[in-house]
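Hello,

Here is the structure I promised to pass on. Please have a look at it first, and then read on for what I found.

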Amino acid sequence: MSKKSLQTTLVHSDYRAPEGFDAFPSAIHHASTVLFKDVASMRSGDWKNKNAYTYGLHGTPTTFRLEARLAEIEGGSHCLLAPSGLAAISMVDLALLKSGDDVLLPENVYNPNRELGRWLSADFGITARYYDPLVGTGIADLIQPNTKLIWTEAPGSVSMEVPDLRAICAVAKEKGVLVALDNTWSAGLGLRAFDLGVDIVMQALTKYQSGGSDVLMGAVITREKALIDRIALAHMRLGMGVSADDAYLVMRGLPTMKLRFEAHDAAARKVAAWLKARPEIAKVLHPAFEDCPGHEFFQRDFTGAGGLFSVLFDARYTEEQTDRFVDALELFGIGYSWGGANSLVMPYRIQGMRRNWADAGILVRFNIGLEDTDDLIADIERAFAKL
């Protein structure tokens, strides 16, 4: 290169690091602008097929690597990242639905997904209808000619019912309707969704994949190229990019995810079993327990459970009392989400969230972290004394 001024030298450097460096961690590639070797390379690159780098929003080696690893873990073939789990849900809806279409959602759907359904109905001319999560083959009676997408959750948000995914997917396939699953609870480890007939898997990587309670990110995974191409157009049009630093944090958590997931699972079952024997608790809503709705489908389809479950307090306790219980806990933070090392607790007004909710008693959700379970149990026992 010709001689440069000091100012130009601050911007343009002649130095190039030597080739051949390798290490276990993935490199973090920051980029908005991506440089092309020449004009021909620029014109031949195809962002949708990921055969070249075109712009930071469409991916760098860091995000491409994370997408590939997530697809492998889930048993899929293609993956797209989004800034959050809800962003991933929105991306699927806006890719596959248009005015005049219909989408079915389970009654126990993640509440922001419910709010998205209301918005689609109110402002976009897309009808969003809600079904009993235990409907099974009865979903056939709800599918209309304009039904294009069925959302599922396994288990459902907060109330923890486990659907018969095999039955829903079989009916949907006969009718030519796509099935999307929010598989965040099992992290792609405890449930092989594609093997059951699911077309699209959504994950909130905020949870177990990160494991640090410090990253917001989502993913959409499929096995079908034509399907991911439709979603990729929405991804591009909506500008759904993620930072390379956040992608690195998620990748850093993947090697330990299975170990952490299994530790959460074992700890949660121990705490849940202890709670089940307590007179203050009327019901434990944990899919691995026989009296949880849909337990038989959990037994058939799942290999693990993670750390999240809910309980119903005995009906004699008021909301004021259960709030006092929650406030008295010392080792449980009051907060949403799960999958991190710290235990969490959250009370819900479930009667206002579900149509035809029959159970009495206040619902409280627990995320069991990686603390010593005896310490967690002692903390809960102390808080019971505050009821």
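This is a predicted model: local features need pLDDT of at least 70, side-chain atom pairs count only at pLDDT 80 or more; totals for chains, interfaces and linings use all residues.

Ser-310 has its bridge partner in strand S12, and that partner is Arg-365.

S9 and S12 belong to an open sheet of 5 strands, with mixed pairing and the order S8-S9-S12-S11-S10. At the edges stand S8 (281–285) and S10 (333–334), and each has a single partner strand, so one side of each is left without a neighbour in the sheet.

Stepping back to the whole protein, its secondary structure comes to 11 helices and 12 strands. The radius of gyration is 23 Å, close to the 21 Å that the globule rule gives for 387 residues, so the protein is as compact as a globular protein of that length. Its C-alpha trace spans about 85 × 50 × 35 Å along the principal axes.

As for the inside, 52% of the 387 residues are buried. If you take the contacts between residues at least 6 apart in sequence, 72% of them join residues at least 24 apart.

The protein carries 40 positive and 48 negative side chains, with the centres of the two sets 5 Å apart.

Happy to go through any of this with you.

Best wishes

Notes. Residues are numbered from 1 along each chain as its sequence is written. Side-chain values use heavy atoms; hydrogens and water are left out. Helices (H or I, at least four residues) and strands (E, at least two) are DSSP runs, numbered from the N terminus. The radius of gyration is taken over C-alpha atoms; the globule rule is 2.2 Å times the number of residues to the power 0.38. Buried means under 20% relative accessible area, exposed over 50%, partly exposed in between (1.4 Å probe, protein chains only). Contact means heavy atoms within 4.5 Å. Lys and Arg count as positive and Asp and Glu as negative; His and the chain ends are not counted. The place of a charge is taken as NZ of Lys, CZ of Arg, CG of Asp or CD of Glu. Two strands pair if DSSP finds at least two bridges between them.
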